[in-house]
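Here's a quick tour of one model, taken a feature at a time. Have a look at it first, then read on.

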Amino acid sequence: MNFGVDKVKAAVIAIDLHRGHMDLSVATMPVKTQAQADRVLGNAAQLFAWCREQDWPVIHLVTTYRDVPEIRSNPFWRTRADDPHATRKNVERHNLQGSPGCTVMPQVLDAKKDWIVNTKKRYDCFVGTDLDFTLRAHGINTLIITGVNTNSCVLSTVAAACSKDYAVIVPSDCVDTMDDPGLHDAALLCIRTALGFVMTSAEIMSLNELKKA
C-alpha cells in the first residue's frame, strides 16, 4: 500500500487515553459507556504492542492544565462551561494538574518504552508541545493516530499532521468520542476524504510494508 513516503518510519500518537476520559469512576469528561472505553483500550493495547515490536515509539499526549484560567482562556470552551446542558460542561474541572484524570490508562502504557507528553492544552497535539520536534528528531514520517475524541482532538491533530506533511493513518477501532456517534463517523469521513488513511487496527497489522524487516 502506498502511504506517500519512500519508506515508512512510524510512531503512534495516543491522544488522551487517560483516566479523565476513559476511567468512568473518576472521569470528568467520560466516554458514554464502560463498554466503549474497554473496546477502544483493548484494541489500542493490541495495536500498541504490535507497534512496539516494530520498534516504533508510542507517544502518549495527556491534556494537563495548571489552573482554570488556562482552560477558560479559550472562548468557546468558556461557553461550554457556562452551559449546563453542554456535553462538555465539565471542561473547567477536566484534567487539572494533579488530578486522577491526568494518568494514562495502564492497559495502553508500557512505562519502560513509551514516551509521555503532558503539556497538551488544546485539541491539536502540536500546539504548545514538543511533539513535532520529537518526531522530526527521530526521523518519523508516518503517524498512527489513536485516542479520543474523534471529532475534536483526533480530527484537529490529523489535520495539523497532514499540513505538516506527515503521512497519517487512523485505526477506526482505536478512536471514539464522548459526543454523538454520528460525529465520530463524520470525523472519519473527513479524514479519509482529505487528510489520511482510515482502516482497522487488524488491517494495519496485516500490511507487509509496515512489518519490521
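Where is the place of Asp 16? Asp 16 sits in the loop between strand S1 (10-15) and helix H1 (19-22). Keep in mind that this is a predicted model. What makes Asp 16 worth a look is its phi, near 55°, a positive value in a residue other than glycine. Most residues other than glycine have a negative phi, and most peptide bonds are trans.

On the peptide-bond side, there's a cis one to point at: it joins Val 148 and Asn 149, with omega about -5°. Asn 149 is found in the loop between strand S4 (142-148) and H6. Here are the two backbone spots side by side:

| Spot | Angle | Value |
|---|---|---|
| Asp 16 | phi | near 55° |
| Val 148 and Asn 149 | omega | about -5° |

Now for the helices. Two packed helices are described by the angle between their axes and the distance between the axes. For helix H6 (residues 150-163) and helix H7 (residues 181-194), the axes come within 9 Å and cross at roughly 10°. Angles under 35 degrees count as roughly parallel, so H6 is roughly parallel to H7. On the H6 side the contact is made by Thr 150, Asn 151, Val 154, Leu 155, Val 158 and Cys 162, while H7 brings Leu 183, His 184, Ala 187, Leu 188, Cys 190, Ile 191 and Ala 194. Sorted by class, that contact has 10 nonpolar and three polar residues, with no charged ones.

What about cavities? The count comes to one cavity of 30 Å³ or more, and the largest cavity has a volume of about 150 Å³. Its lining takes 17 residues, with Met 29, Tyr 65, Trp 77, His 94 and Tyr 123 lying nearest its centre. Helix H4 (75-81) and H6 each supply at least two residues of that lining. By class, the lining has six nonpolar, five polar and six charged residues.

Two of those names come back among the aromatics. The structure holds five aromatic pairs. One of them is Tyr 65 with Trp 77: the ring centres are 6.5 Å apart and the planes stand at 80°, so this pair is edge-to-face. The pair links distant parts of the chain, with Tyr 65 in the loop between strand S2 (58-63) and helix H3 (68-72) and Trp 77 in helix H4, 12 residues apart.

How values were computed:
Residues numbered from 1 in each chain as written. Predicted model: local features only at pLDDT ≥ 70, side-chain atom pairs only at ≥ 80, totals over all residues. Heavy atoms only, no water. Axes fitted to C-alpha atoms, helices over the stretch in contact; angles between N-to-C directions. Helix = DSSP H or I, 4+ residues; strand = E, 2+ residues; numbered from the N terminus. Parallel < 35°, antiparallel > 145°, perpendicular 65-115°, else oblique. Contact = heavy atoms within 4.5 Å. Nonpolar A, V, L, I, M, F, W, Y, C, P; charged D, E, K, R; others polar. 1 Å grid on protein atoms, 1.4 Å probe; cavity = no way out; pocket = protein on both sides within 12 Å on 5 of 7 lines; lining within 4 Å. Points joined across faces, edges and corners; volume = space filled by probe spheres on them. Phe/Tyr/Trp six-rings, centres within 6.5 Å; stacked < 30°, edge-to-face > 60°.
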